[in-house]
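Subject: Structure handover and findings

Hello,

Please find the structure below. My notes on it follow.

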Amino acid sequence: VERFSEEKVITSDLVKQFYSSLTNRTEFQPPTWAVVLENAKKESEIRERMQYQYGRRKCSNSKCIGECIVYQSTSRDSRNFGRWIVQCKESYEKFRKDKVPTYGHTFEFVPGPPLV
């Protein structure tokens, strides 16, 4: 392998912690399966709560009859990583297909649910 750089590898935070412990010669304490499963359950509950709160909205464009979807930004290249977004489903699918943004449809950042 030529020109390998650890900093440019995209991976989960858990894997980053593991390799960091190898590099720094520190002890790595991975989470137990119970913790991993509990975190997955919490994420699922958060998604359901956000869907319940924002998912039934209609697009603000008077010519569009589409419903809105709610999702969390997963692009690590963006400063919006982790933020929750409500967007018109029609414009979302059109952008995914054509890579051209449509203007005048619902697109807004919304606050995430409170951590309980």
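Does Lys58 count as buried, partly exposed or exposed? With a relative accessibility of 53%, Lys58 is exposed; the classes are buried under 20% relative accessible area, exposed over 50%, and partly exposed in between (1.4 Å probe, protein chains only).

The model is predicted, so local features need pLDDT of at least 70 and side-chain atom pairs count only at pLDDT 80 or more, while totals for chains, interfaces and linings use all residues. Residues are numbered from 1 along each chain as its sequence is written, and side-chain values use heavy atoms, with hydrogens and water left out.

Salt bridges

A salt bridge here is a side-chain nitrogen of Lys or Arg within 4 Å of a carboxyl oxygen of Asp or Glu. The count comes to three salt bridges.

- Lys58 pairs with Glu67 at 3.3 Å, N to O. Glu67 is partly exposed, at 42%.
- Glu108 pairs with Arg57, and their closest N and O atoms are 3.3 Å apart. Glu108 is in strand E3 (residues 107-110) and Arg57 is in the loop between H2 and E1, so this bridge ties together parts 51 residues apart in sequence. Glu108 has a relative accessible area of 32% and is partly exposed; Arg57 is partly exposed at 33%.
- Asp98 pairs with Lys94, with 3.4 Å between the closest N and O atoms. Both lie in helix H3 (residues 89-98), four residues apart, about one turn of the helix.

Helices (H or I, at least four residues) and strands (E, at least two) are DSSP runs, numbered from the N terminus.

Core

The largest nonpolar core consists of seven residues: Met50, Tyr54, Cys68, Val70, Trp84, Val86 and Val110. Leaving aside residues up to four places away in sequence, Val110 touches Met50, Tyr54, Arg57, Trp84, Ile85 and Val86, where contact means heavy atoms within 4.5 Å.

Helix H1

Helix H1 (residues 13-24) has twelve residues and, at 1.5 Å a residue, should span 16 Å; its end C-alpha atoms are 16 Å apart, which agrees. The expected span is 1.5 Å times one less than the number of residues. Just after H1, Arg25 has a positive phi of about 55 degrees.

Regards

Note on methods:
A nonpolar core is a set of buried Ala, Val, Leu, Ile, Met, Phe, Trp, Tyr and Cys residues joined through side-chain atoms within 4.5 Å.
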